[in-house]
Amino acid sequence: MAELTYLQAISDGLRLEMRRDKRVYVIGEDVGVYGGAFKVTLGFQEEFGPWRVIDAPLSETAIVGSCTGAALMGLRPVAEMQFADFVSCAWDHLVTVAAKQFYRAGTPVPIVVRLPSGGGFSGGPFHSQNPESSFAHIPGLKCVCPATPEDAKGLLASAIEDPNPVLYFEHKHLYRRIKADVPEERYTTPIGKARTHREGEDISVITWGAMVYTADQAADELAKEDVSVEVVDLRTVLPWDREAVLESVRKTSKVLVLHEDTRTGGFGAEIAATIAEEAFEALDAPLRRIAAPDAPVPFSPPLEKAYIPQVDDVVAGLRELAAY
Amino acid sequence: MAVAREAGPVGSLTEVRQTGLDREDLLTIYRNMLITRGIEERGHILYKQGKIPGSFYTGRGNEGSAVGIATAMRSEDVGTPLHRDMGVHIQRGLEPWRIFANYMGRADGPTRGKDGNVHMADIRLGMISMVSHLPAMLPVAVGAALAFRIREENRVAVGWFGEGAAARGDAHEAMNFAGVRRLPVVFICDNNQWAYSTPTHLGFATQHIADRAGAYGFEGVVVDGTDVLAVYREAKRAIEKARAGGGPTLLECMTLRMEGHAVHDDAFYVPKELFEEWAKNDPIEHYRTWLKEQADLRDDEEDEINAEIKKLLNDAIKRAEESPLPDPSEVATQVWASPEDLDTPHHK
């Protein structure tokens with residue numbers, strides 16, 4: 001085991017995959033000489049050369065579209081969007097081409113697109129979004145959203161190994177803030193399996209990504225009030241672990257769904273609907289959702305703080321549920 | 001002002017032999033063009049009979065361009081042909097009965113009923129299945145070329161697009177990236193002069209699409225797309241240049257879309273004189289005349305070829321009609337691939 005930041009774990013995982021599998025290459029803007037905007041691929045070009053760590057023109061369409069062509073020829077591309085927000089320029093190539101190719105043509109498209117996502121540092125409307133819900137609506141894609149360094153490494157290995165197009169959402173706010181012990185050897189973390197971040201008896205919080213830590217801090221507050229909160233980290237939103245969520249809800253009987261993305265049509269709505277369909281009789285209180293308001297991500301610190309769900313917001317929501 | 005090179009016609013049999021085609025190859029080209037047109041004519045009838053759901057698209061007028069380019073490719077080369085490029089699938093060996101089965105939404109079509117029209121390809125034949133967002137296939141072709149470059153293989157990818165699709169950003173990004181990296185890819189523009197009802201002067205401001213090639217750092221060539229041998233010669237040159245490390249070429253094949261966008265469209269917006277003018281340049285008739293004059297195509301050979309194709313198409317339609325419709329239980333199967341699905345010749 002070695003203590004790694006979330007960012008180092010991604011970097012470490014990617015390097016291990018590239019060493020063990022010559023089919024894996026990296027392509028993106030500034031990923032080569034510069035090592036990526038966040039330095040995830042720092043030193044990669046020296047180790048793997050310019051044709052496996054490819055500095056692309058500013059062309060998200062060509063980056064992701066070419067990944068599909070290369071994957072169909074047997075390679076295992078890993079594309080980096082400099083910011084998750086820019087994936088809008090590659091929408092067609094994920095949604096129209098890659099996601100539907102196996103269903104239509106029977107040819108798998110094993111590509112990974114890394115998406116530095118999330119806010120919390122005044123990135124504004126174009127450098128802070130969490131677009132996972134948009135893609136979770138697209139049959140044929142997979143969407144993973146690791147919250148811990150250990151999962152960041154294991155889910156990246158699984159994503160590269162997976163025969164489908166996988167969107168790998170890495171939360172920028174966790175890059176250097178979160179550190180933990182990570183196994184040094186290669187391992188995979190299964191796509192579609194949630195983990196219990198914190199066990200509890202009274203209320204379940206269903207969340208993923210950076211909100212796992214927000215939920216955990218809120219749970220610390222509730223613990224002082226003798227309310228035991230369980231935090232379920234979904235880890236992947238497509239496919240998502242319905243059984244783990246329903247099991248937790250049936251155990252605690254109260255549930256709060258929390259995400260950093262906007263509320264309407266956010267993935268929390270799918271979770272809430274599933275709980276209503278499958279575990280209605282287990283509920284002792286109306287389900288609560290906490291999410292960003294239906295607005296673009298604002299720039300100025302007080303606005304951004306009002307936008308991204310804060311520990312206090314979650315504490316208030318949990319207190320209401322506890323009192324119900 | 002045109003900046004692309006305008007390629008001339010091919011003259012004699014001697015000249016053709018210099019490009020590597022023998023008489024048998026020339027007859028194969030003829031056969032493939034006839035099969036291509038035959039499939040689309042028969043498909044049109046089946047559509048009118050209600051045996052083909054959805055819509056129906058043909059590439060009438062483009063048979064020479066499609067077959068000429070596919071003939072210039074090697075078996076290890078790959079491509080992303082579009083809906084006017086049936087001839088590519090025929091030349092690569094996709095069996096006509098499977099094409100009819102796909103038109104009819106049957107279980108034995110290449111898409112097993114999951115997609116229709118010409119949205120099909122057999123990856124085992126090196127073809128990648130198109131999507132309706134046509135220029136999207138260009139970055140995919142570039143990606144195949146990138147894979148060949150990364151693995152240092154002597155293979156070439158061919159990407160097709162129309163002059164309408166040339167207006168989309170995908171075309172620009174694909175060509176720019178391919179030019180920057182000198183990738184082994186050849187871009188084929190099927191310029192049939194009409195993007196649905198939109199004429200070229202409302203689609204782009206240069207004389208030719210191929211004029212853009214210089215801006216991406218590679219060569220642009222314009223060729224008469226109704227002259228299969230000229231298309232073949234230019235495609236061969238571009239493909240072998242790419243294989244030798246010379247980078248991309250943009251080859252623009254000039255034709256006229258001889259029917260509507262799809263069969264529901266009577267193309268009232270195309271001037272009649274234009275149809276009359278281009279009808280004189282029918283690629284099949286043009287080539288047939290050449291074969292008679294330059295390669296001694298005999299009447300008995302022609303009869304034999306026609307009879308053979310008639311039987312091929314009759315048998316193909318019969319076999320396609322015998323293919324079952326897909327089972328409704330398959331509606332949401334094969335959405336995600338499993339590891340064992342990676343066992344294709346290209347994925348290995």
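**Figure 1. Overall view of chain B.** Accessible areas here come from the Shrake-Rupley method with a 1.4 Å probe. The structure shown is a predicted model. On that basis, chain B has an accessible surface of about 14000 Å². Carbon and sulfur atoms account for 51% of this surface. Chain B contains 11 helices and eight strands. Its C-alpha trace spans about 55 × 55 × 40 Å along the principal axes. The radius of gyration of chain B is 20 Å. A compact globule of 348 residues would have a value near 20 Å, so the two agree. Of the 348 residues in chain B, 59% are buried. Among contacts in chain B with a separation of 6 or more, 76% join residues 24 or more positions apart.

**Figure 2. Close-up of the aromatic pair A:Phe38 and A:Phe83.** Over all chains, the count of aromatic pairs comes to 17. In this one, the ring centres of A:Phe38 and A:Phe83 are 5.2 Å apart. Their planes meet at 70°. Planes over 60 degrees apart count as edge-to-face, so the pair falls in that class. A:Phe38 sits in the loop between β2 (24-28) and α2 (44-48) of chain A. A:Phe83 sits in the loop between β4 (76-80) and α4 (91-105) of chain A. The pair therefore ties together parts that are 45 residues apart in sequence. Both A:Phe38 and A:Phe83 are buried.

Figure 3. A:Trp91 belongs to helix α4 of chain A. A:Phe135 belongs to helix α5 (residues 132-136) of chain A. A:Trp91 has 34% relative accessibility, so it counts as partly exposed. A:Phe135 has 1%, so it counts as buried.

**Figure 4. Close-up of an aromatic cluster in chain A.** Ring pairs join five residues here: A:Tyr6, A:Phe38, A:Phe83, A:Phe86 and A:Tyr175.

**Figure 5. Close-up of A:Trp51 with two arginines of chain B.** The charged end of B:Arg149 sits over the ring of A:Trp51. It is 4.0 Å from the ring centre. The charged end of B:Arg181 also sits over the ring of A:Trp51, at 5.1 Å from the centre.

Figure 6. A:Cys89 is in no disulfide, and its nearest cysteine sulfur, in A:Cys67, is 15 Å away. A:Cys89 is at 43% relative accessibility, so it counts as partly exposed. In chain B, the sulfur of B:Cys189 has its closest cysteine sulfur in B:Cys253. That distance is 8.0 Å, too far for a bond, because a disulfide needs the sulfur atoms within 2.5 Å. B:Cys189 is at 0% relative accessibility and so counts as buried.

**Figure 7. Close-up of A:Arg76 and its contacts.** A:Arg76 lies in strand β4 of chain A. At 5% relative accessibility, A:Arg76 counts as buried. Residues up to four places away in sequence are left out of its contact list. In chain A, A:Arg76 touches A:Asp21, A:Arg23, A:Val24, A:Tyr25, A:Pro110 and A:Ile160. It also touches B:Leu342. From A:Arg76 to A:Thr262, the C-alpha distance is 32 Å, over 186 residues in sequence.

**Figure 8. Close-up of A:Pro293.** A:Pro293 is in the loop between β14 (288-292) and α10 (301-307) of chain A. It counts as partly exposed, at 39% relative accessibility. Not counting residues up to four places away in sequence, A:Pro293 touches A:Thr262 and A:Tyr307. A:Glu201 is 92 residues from A:Pro293 along the chain, and their C-alpha atoms are 29 Å apart.

Figure 9. The peptide bond from A:Leu238 to A:Pro239 is cis, with omega near -5°. A:Pro239 is in the loop between β12 (236-238) and α8 (242-252) of chain A. A:Arg235 is not a glycine, yet its phi is positive, about 65°. It lies in the loop between β11 (229-233) and β12 of chain A. A:Arg235 counts as buried, at 11% relative accessibility. B:Arg112, another residue other than glycine, has a positive phi near 55°. Its place is in the loop between α5 (96-103) and α6 (137-150) of chain B.

Definitions and conventions. Residues numbered from 1 in each chain as written. Chains lettered and ligands numbered in written order. Predicted model: local features only at pLDDT ≥ 70, side-chain atom pairs only at ≥ 80, totals over all residues. Heavy atoms only, no water. Phe/Tyr/Trp six-rings, centres within 6.5 Å; stacked < 30°, edge-to-face > 60°. Helix = DSSP H or I, 4+ residues; strand = E, 2+ residues; numbered from the N terminus. Buried < 20%, exposed > 50% of the residue type's maximum accessible area, 1.4 Å probe, protein only. Lys NZ or Arg CZ within 6 Å of the ring centre and 35° of its normal. Rg over C-alpha atoms; globule rule 2.2 N^0.38 Å. Contact = heavy atoms within 4.5 Å.
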